[in-house]
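I opened the model to look up strand pairing, the ligand shell, the domains and a few single residues. My entries follow in the order in which I made them.

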Amino acid sequence: MIQIHDLNFRVKDRFLLKTIDIEIKKGELIAIVGPNGAGKSTFLSCLGSEIPYQAKQFSFKNKDIKSYKKDEIPLHRAKFSQHQSAEINLKNDEIVLMGRYPYFKNDADISDKEIVQNWMQKTETQHLIDREYEQLSGGEKQRLHLARVFTQLENTIENKLLLLDEPLNNLDVAHQFKTLHLIKEFTNKNNTALVVLHDLNIASQFADRLILLNKGTIELFDEPQKVLTQERISRVYQYPCILHQHPVTNQPIILFG
Ligand SMILES: Nc1ncnc2c1ncn2[C@@H]1O[C@H](COP(=O)(O)OP(=O)(O)OP(=O)(O)O)[C@@H](O)[C@H]1O
């Protein structure tokens, strides 16, 4: 699905990402974890072609990512950014409809509107239709934008890519889990998701593999059991921790302190 060889991104003399080599398969849910400033958002921005990285290879679905046409790529790949525009002068369902902009010229058709309704239902934002965006809570805004990115990838194309930068911010526990289930539903259909997460235990429970970033390089890219060891996590985060096992999933649980 994605092959990256020797990807670097630097600002002036400082490498924010250095010698990134990675191969990601279709159907994987990958969590990107690591301390503040490790390069997680920067890496996701590279995957979303938002910043001018250098790479010896970056293929997406066996094609050079740069060979995709501008109007073609949004049907294959969508990105949810950490910071949404503060002032949006649209009604809430119109914000979700933005996800359909790649599909119509002037007016949305009935199927676009149905897709919007469907994702507002799935993200439990339907009741917010008549409320003003500015007055929504942080978690409600977050769920609205999640609906927008899912709406963007609602099509018959196979092996799509979803990039999510801290999608669980501001969400209560139930909505965090519901959102992860929506992401899992997406990857279960042979699509791929890369998700920046701070909660290692949620990452451990849901992700097939973790990318542990540290100081702009990949410390380890592997299954949660391999990545989440006491020594590695306390060293990378510079904080003591102990390791447990989830009583149901058997995945590792990290307790800090
Ligand atoms: N445009 C830029 N110019 C200079 N430095 C930058 C730029 N963008 C990011 N950085 C720096 O690069 C490093 C990585 O930033 P990034 O936002 O990718 O980290 P992160 O792992 O997502 O962190 P966090 O967990 O805090 O969100 C940080 O030290 C940040 O200050």
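Predicted model: local features only at pLDDT ≥ 70, side-chain atom pairs only at ≥ 80, totals over all residues.

**Strand pairing**

Residues are numbered from 1 along each chain as its sequence is written.

I then followed the pairing of β1 (residues 2-11) with β4 (residues 54-60), which is antiparallel and runs over six bridges. For the names I kept to DSSP runs numbered from the N terminus, with helices being H or I of at least four residues and strands E of at least two, and I took two strands as paired if DSSP finds at least two bridges between them. The sheet to which these strands belong is open and has four strands in the order β2-β1-β4-β5, with antiparallel pairing. Its edges are β2 (14-24) and β5, each of which pairs on one side only.

Leu243 has Ile254 in β12 as its bridge partner. Six residues lie between the strands of this hairpin, and Asn250 there takes a positive phi near 65 degrees.

**Ligand shell**

Which residues are around the ligand? I listed Val11, Leu16, Gly34, Asn36, Gly37, Ala38, Gly39, Lys40, Ser41 and Thr42, a residue being counted if its C-beta atom, placed from the backbone, lies within 6 Å of the molecule. Helix α1 (residues 40-47) gives the largest share of this shell, three residues. By class, I recorded three nonpolar residues, six polar and one charged; Ala, Val, Leu, Ile, Met, Phe, Trp, Tyr, Cys and Pro count as nonpolar, Asp, Glu, Lys and Arg as charged, and the others, Gly among them, as polar.

**Domains and core**

The protein chain is divided into domain 1 (1-76 + 162-257) and domain 2 (83-156), with bounds that come from an automatic or database domain assignment. Over C-alpha atoms, the centres of domain 1 and domain 2 are 25 Å apart. Each side of the contact was then counted, giving 12 residues from domain 1 and 12 residues from domain 2, where contact requires C-beta atoms, placed from the backbone, within 7 Å. On the domain 1 side, helix α5 (residues 173-187) supplies the largest share, three residues.

The largest nonpolar core has 61 residues, and Ile30, Ala31, Ile32 and Val195 have the most contacts inside it; such a core is a set of buried Ala, Val, Leu, Ile, Met, Phe, Trp, Tyr and Cys residues joined through C-beta atoms within 7 Å. Because domain 1 and domain 2 both give residues to this core, it lies between them. Leaving aside neighbours within four places in sequence, I found Ala31 in contact with Val195, Leu197, Ala203, Ala207 and Leu210.

**Two single residues**

Ile73 is in the loop between β5 (63-64) and β6 (77-80). Ile73 counts as partly exposed because it has 16 C-beta neighbours inside 10 Å; on this scale, with C-beta atoms placed from the backbone, 20 or more is buried and 12 or fewer exposed, with partly exposed in between. Glu94, in helix α2 (residues 92-97), has 14 such neighbours and so counts as partly exposed.

Methods. Contact = placed C-beta atoms within 7 Å.
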